[in-house]
Amino acid sequence: MAHGKRYRAGYDKVDRDSKYPPDEAVRLIKENATAKFDETVELHVRLGVNVRHAEEQLRGTLALPHGLGKDVTIAVFAKGQKARDAESAGADFVGDDDLAKRVEEGWTDFDVAIATPDMMSVVGKLGRVLGPQGKMPNPKVGTVTDDIEKAVGESKSGKVEYRTDRHAIIHLSIGKASFEERALLDNYAAVIEELVRAKPAAAKGRYILSSTLTSTMGPGIRVDTGKTGERDIVSGAPASNGEGADAPEDDAAAGKESSADESGAEAPATA
């Protein structure tokens, strides 16, 4: 694949044979994120699990300490009072059969779908549309619930879903290049600690095989997987003021050139 001058300039700054400490990797990510828009920072983690066995598949949610740096658009399938609760909580699109019909026709301009249990007889038919995009509501990750206000609030504040793909790789966005270094490290640490916590009992041998950070238009940077605790990960990073960044929406995801394949990872379908 041919790459532009900006990508090649960033690529030349990265030692392909090295695994960088997390703070150095984040520093390089920020240095190489020179696009005219605020690039998304992505994390790709290959795990030592056999996803052909259901008990070794991972799927869950976690709240990133500093959020994603973008507005999360939420669609809620609900009726009556639950629909009104969703609107009050800040859901962007709320409906029942009418909303389901729009999705069935191919409309998916939202990041997260949430549904009340009584709507799943309708929403369940949307699997062929929402499933491939990772947007299908699921009770295991809290997106099928009667507590609509809580679900909407958590999603708006930076709660993200993770799951292994068919190659046993977790793909996640952890913020924007404009975030402070410490904020990105805090988010990275939250993901790694969650994956360690969620390690399947059936998994044997080495668990975290590789970890790669990249930005939307930048090269992949391998991260030292020996650092899995928050203290080790954030050591060496400057103190944070507790904020991420007021980042603009990433409107240039199309045409993205991700080099997460340095760790064998595939780019996530959505950021």
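Strand 3 (residues 74-77) and strand 4 run parallel and are joined by 3 bridges; two strands pair if DSSP finds at least two bridges between them. Helices (H or I, at least four residues) and strands (E, at least two) are DSSP runs numbered from the N terminus. This is a predicted model, in which local features need pLDDT of at least 70 and side-chain atom pairs count only at pLDDT 80 or more, while totals for chains, interfaces and linings use all residues. Residues are numbered from 1 along each chain as its sequence is written, and side-chain values use heavy atoms, with hydrogens and water left out.

Val 76 has Val 94 in strand 4 as its bridge partner. The pairing belongs to an open sheet of 3 strands, with the order 4-3-5 and parallel pairing. Strand 4 and strand 5 stand at the edges, each with a single partner strand, so one side of each is left without a neighbour in the sheet. On average, neighbouring strands of this sheet are turned by 15 degrees against each other, direction ignored. Helix 7 (residues 148-156) lies across strand 3 and strand 5, running at about 170 degrees to strand 5. Axes here are lines fitted to C-alpha atoms, for helices over the stretch in contact, and angles run from 0 to 180 degrees between N-to-C directions; contact means heavy atoms within 4.5 Å.

The structure holds 2 aromatic pairs. Rings of Phe, Tyr and Trp (its six-membered ring) pair if their centres lie within 6.5 Å; planes under 30 degrees apart count as stacked, over 60 as edge-to-face and the rest as tilted. Phe 93 and Trp 107 form an edge-to-face pair, 4.8 Å centre to centre with 80 degrees between the planes. This pair links distant parts of the chain, 14 residues apart: Phe 93 is in strand 4 (residues 93-95), and Trp 107 is in the loop between helix 4 (97-104) and strand 5 (112-115). Trp 107 and Phe 110 form a tilted pair at 5.2 Å centre to centre, with 55 degrees between the planes.

Buried means under 20% relative accessible area, exposed over 50%, and partly exposed in between (1.4 Å probe, protein chains only). Phe 93 is partly exposed at 26%, whereas Trp 107 is buried at 14% and Phe 110 is buried at 3%. The charged end of Arg 102 is over the ring of Trp 107, 3.9 Å from its centre, and that of Lys 135 is over the ring of Phe 110, 5.1 Å from its centre.

Elsewhere, strand 1 (residues 40-47) and strand 7 pair in the antiparallel sense over 7 bridges. In strand 7 (residues 169-176), 8 of the 8 residues are buried, so strand 7 is largely enclosed by the rest of the structure.

There are 8 salt bridges, each a side-chain nitrogen of Lys or Arg within 4 Å of a carboxyl oxygen of Asp or Glu. In one of them, the closest N and O atoms of Arg 59 and Glu 161 are 2.6 Å apart. Arg 59 lies in strand 2 (residues 59-63) and Glu 161 in strand 6 (residues 159-163), so the pair ties together parts that are 102 residues apart in sequence.

Terms used: Lys NZ or Arg CZ within 6 Å of the ring centre and 35° of its normal.
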